Amino acid sequence: MSEAKHTQDLPLAGIRVIEFTHMVMGPTCGMVLADLGAEVIKVEPLTGDNTRQLLGSGAGFYPLFNRNKKSLALDIKQPRGLEIVLKLLAGADVFSENFKSGTMERLGLGYAALSALNPRLIYVSHKGFLPGPYEHRTALDEVVQMMGGLAYMTGRPGDPLRAGSSVNDIMGGMFGAIGVLAALQQRHASGRGQQVQSALFENNVLLVAQHMMQYAITGKPAAPMPERISAWGIYDVFTVAGGEQIFLAVVSDTQWALFCQAFGFEDLAADAALASNNLRVQARPHLIPTLRTRLAARTAAEIATVFEAQGLPFAPITRPEQLFDDPHLQATGGLAPSTLPDGRETRLPLLPLSLDGQRLPLRRPAPQLGADNAALLAALGYGEQEVAALRAEGVVL
């Protein structure tokens, strides 16, 4: 099926998004909107989004968070470059940005200017903090994890540790997209756009809200996750035969009965001190070591087979690179074939949802720098000679 046909069938077909974004938070918002069918035009400097060149843990940012988008490379600081962007924005539905506060205003692309140009425009900003005492600070995902309690909860006491993913960046971008969807819906009634703001710190506070409320209810501070008192009798990683590890959970009395029966632990099933989940939680200091000893000689595969047959929760300890070969992802189409900027083939995880039984498709890989310059400029009325002159003047790539 062609890209155009794919797009026609998607919920946001016909919605145009112009984005000035980099790194993860802003691009995630655009990725969500693009996956839902919006035409997302990524405006980049002539040198390209710096994310294209990141190494190490940032190497995957660009191809993942910029799929299904178009690239327009130009010099926004030149008057004719700004003119091109303003022409695009005059007919756009959404403008998305995640630069430091004041940057867009200095470029002539602040909310006040753009809403005057296009009253129907929805303007979404992704920042470190919502307006307030902290808004002048430079924030990163790790910064807000540290100041927002998440690193404290993830690490061991005295050893704060960031979560193993860009959780605030990704969720912050998602909340930006949710705000855009709400604003689009409201525009049906009002006819006007509005400003949407999403922020890393406030997103992080939502992530730790369960621990805040635990304190509000119990009067006791939540312990870091490695030291917490589990709500469940069995909820742990077990090291078994061959040094393999497997996560096992038994979280109800029914599951406890099934677990004991399946593994022949009749003595544990008959122990009145273990008869309820709360009793098993209190017995964890001796119950967990007992189970570790009893399960140590079994293989992870053997234990997994029993847990799956009984409908009990379990999980192998999987590394990210192993997910490319996950049978469930392969069978359900959760990984879409794509091409990396250097031409190599790979697969990308799709959004974790389906609409009417269908996954949202990958219509195009992350674009090469300026890949859509010619088509977009032509659609704005620029002739070949004018485009050639703009290139010669260093306005567009």
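Student: Among contacts in the protein chain between residues at least 6 apart in sequence, what percentage join residues at least 24 apart?

Tutor: Good place to start! This is a predicted model, where local features need pLDDT of at least 70, side-chain atom pairs count only at pLDDT 80 or more, and totals for chains, interfaces and linings use all residues. Residues are numbered from 1 along each chain as its sequence is written, and side-chain values use heavy atoms, leaving out hydrogens and water. With contact meaning heavy atoms within 4.5 Å, the share of these contacts that join residues at least 24 apart is 70%.

Student: Are helices α9 and α10 roughly parallel or roughly perpendicular to each other?

Tutor: Helices (H or I, at least four residues) and strands (E, at least two) are DSSP runs numbered from the N terminus. Axes are lines fitted to C-alpha atoms, for helices over the stretch in contact, with angles from 0 to 180 degrees between N-to-C directions; those of α9 (residues 167-190) and α10 (residues 200-207) come within 9 Å and cross at roughly 105°. Angles under 35 degrees count as roughly parallel, over 145 as roughly antiparallel, 65 to 115 as roughly perpendicular and the rest as oblique. The two helices are therefore roughly perpendicular.

Student: Which residues in α10 meet α9?

Tutor: From the α9 side come Val167, Asn168, Asp169, Met171, Gly172 and Phe175. Their partners in α10 are Leu200, Asn203, Asn204, Leu206 and Leu207.

Student: Within what arc do the buried residues of α4 fall, seen down its axis?

Tutor: Buried means under 20% relative accessible area, exposed over 50%, and partly exposed in between (1.4 Å probe, protein chains only). In α4, Gly81, Ile84, Val85, Leu88 and Leu89 are buried. The arc is that of the directions from the helix axis to the C-beta atoms. The buried residues of α4 line one face of the helix, because their arc is 135°.

Student: Is Gly334 buried or exposed?

Tutor: Look in the loop between α17 (327-332) and β10 (335-339), where Gly334 is found. Leaving aside residues up to four places away in sequence, Gly334 touches Leu329, Leu348, Pro349, Leu350 and Arg359. With a relative accessible area of 2%, Gly334 is buried.

Student: What is the relative accessible area of Ala389?

Tutor: Ala389 sits in helix α19 (residues 384-392). Ala389 is partly exposed, and its relative accessible area is 29%.
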